[in-house]
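Please report on the fold of this protein. Cover its cores, its helix faces, its pocket and a few backbone details.

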Amino acid sequence: MRVLVPFAAETPKTRLESVLSPAERVAFARAMLADVLRAIVETGHEPTILATAPLELAAPGLELPDDVATAVSVSVDERPLTDAVNARLPDGDATTADAVAVVMADLALATPDALERLLTGTADVAIAPGRAGGTNALVVRDPAFTVDYHGASYLDHCAIAREVGATIETIDSFRLGTDIDEPEDLVEVLVHGRETDRALAYLRKVGFELDDRDGRVGVRRDEQSMTETR
């Protein structure tokens, strides 16, 4: 099985601009990518980063450990996500061994166990939906299936699978269903991140901490840390 990890290499995580500077967004995005790649490699697969621009595995903030870096490759494709992924899905000669998985780079909570549930299924199309109807990860085994990442893509992908007669499995997973896009999503990393996760370590490094002073859990940032890292 080929495993693709799409990654916006130049201007990642723009919806976090209210809480992170451009340089910090790059560093945080690379930390999440590193965590996702490590989790995939620990399932026994060799992921390919589908990057929008050239990306070195030793780039600052990414710097993959040797055991991960040796299993990872980079493919550059400047096309929109839908086109880039469709160009790499199984073709008409595909068999089960030619299945393609697509795992988003901002699944900071992903673990090998959660990914195994997705990668070891038998359905023609397995989908791990995100919140608000997105598609956070999927596996495609049917060569007639194509992706469309616009709008409520989970519903669109289910409809496309039905149209081509493909069997569908929905992977109900909190860890795969949590993508980190908005400032409020940082709460999930601080609450559920593992101590070995780079994303959690980065948020702590730049001064983020949980804030429950108003009775609801949010995040706040230490002003001294913010000054030091910008």
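## Terms and model

Burial comes first: a residue is buried under 20% relative accessible area, exposed over 50%, and partly exposed in between, with a 1.4 Å probe and protein chains only. Helices (H or I, at least four residues) and strands (E, at least two) are DSSP runs, numbered from the N terminus. Contact means heavy atoms within 4.5 Å.

This is a predicted model: local features need pLDDT of at least 70, side-chain atom pairs count only at pLDDT 80 or more, and totals for chains, interfaces and linings use all residues. Residues are numbered from 1 along each chain as its sequence is written, and side-chain values use heavy atoms, with hydrogens and water left out.

## Two loop residues with positive phi

Ala132 sits in the loop between β5 and β6. Its relative accessibility is 83%, so Ala132 counts as exposed. Phi of Ala132 is positive, near 70°, in a residue other than glycine.

Glu63 is another non-glycine residue with positive phi, here near 40°. It belongs to the loop between β2 (47-51) and α2 (66-69). Glu63 counts as partly exposed because its relative accessibility is 47%.

## The largest nonpolar core

A nonpolar core is a set of buried Ala, Val, Leu, Ile, Met, Phe, Trp, Tyr and Cys residues joined through side-chain atoms within 4.5 Å. The largest one has 59 residues. Leu33, Ile49, Val103, Leu118 and Leu176 have the most contacts inside it. Helix α1 gives the most to this core, with eight residues.

Start with Leu33. Beyond its neighbours within four places in sequence, Leu33 touches Val5, Phe7, Ile49, Leu55, Leu62 and Ala105. Leu37 is found in α1. It counts as buried because its relative accessibility is 0%. Leu37 and Leu4 are 33 residues apart along the chain, and their C-alpha atoms are separated by 9.9 Å.

Phe7 is in strand β1. With a relative accessible area of 6%, Phe7 is buried. Leaving out neighbours within four places, its contacts include Ala29, Arg30, Leu33, Ile49 and Ala105. From Phe7 to Asp66 is 59 residues in sequence and 20 Å in space, C-alpha to C-alpha.

## The face of helix α4

Helix α4 covers residues 112-119. Its buried residues are Pro112, Ala114, Leu115, Leu118 and Leu119. Seen down the axis of α4, they fall within an arc of 155°, so they line one face of the helix. The arc is that of the directions from the helix axis to the C-beta atoms. The cover over these residues includes α1 (22-42), β4 (100-103), β5 (125-129), β6 (135-140) and α6 (174-177).

A second, separate core has 17 residues, including Val19, Leu20, Leu190 and Phe208. Leu190 lies in helix α7. At 13% relative accessibility, Leu190 counts as buried. Beyond its neighbours within four places, Leu190 is in contact with Leu200, Leu203, Phe208, Glu209, Leu210 and Val219.

Helix α8 runs over residues 198-205, and Ala199, Leu200, Tyr202 and Leu203 are its buried residues. Down the axis of α8 they fall within an arc of 160°, so they line one face of the helix. Their cover includes α1, α7 (186-192) and β8 (208-211). After α8 comes Gly207, with a positive phi near 95°.

## The largest pocket

How is empty space found? Rolling a probe the size of a water molecule over the atoms shows where it is left. On a 1 Å grid over the protein atoms alone, a pocket is an open set of points where a 1.4 Å probe fits, with protein on both sides within 12 Å along at least five of seven lines; lining residues have an atom within 4 Å of a point. Grid points are joined across faces, edges and corners, and a volume is the space filled by probe spheres set on the points.

The largest pocket holds about 860 Å³ of space. Its lining has 33 residues, and Lys13, Arg15, Met104, Asp106 and Asp181 lie nearest its centre. The elements giving two or more residues to the lining are β1 (2-7), α1, α3 (81-86) and β6. The lining divides into 14 nonpolar, nine polar and ten charged residues. Here Ala, Val, Leu, Ile, Met, Phe, Trp, Tyr, Cys and Pro count as nonpolar, Asp, Glu, Lys and Arg as charged, and the others, Gly among them, as polar.
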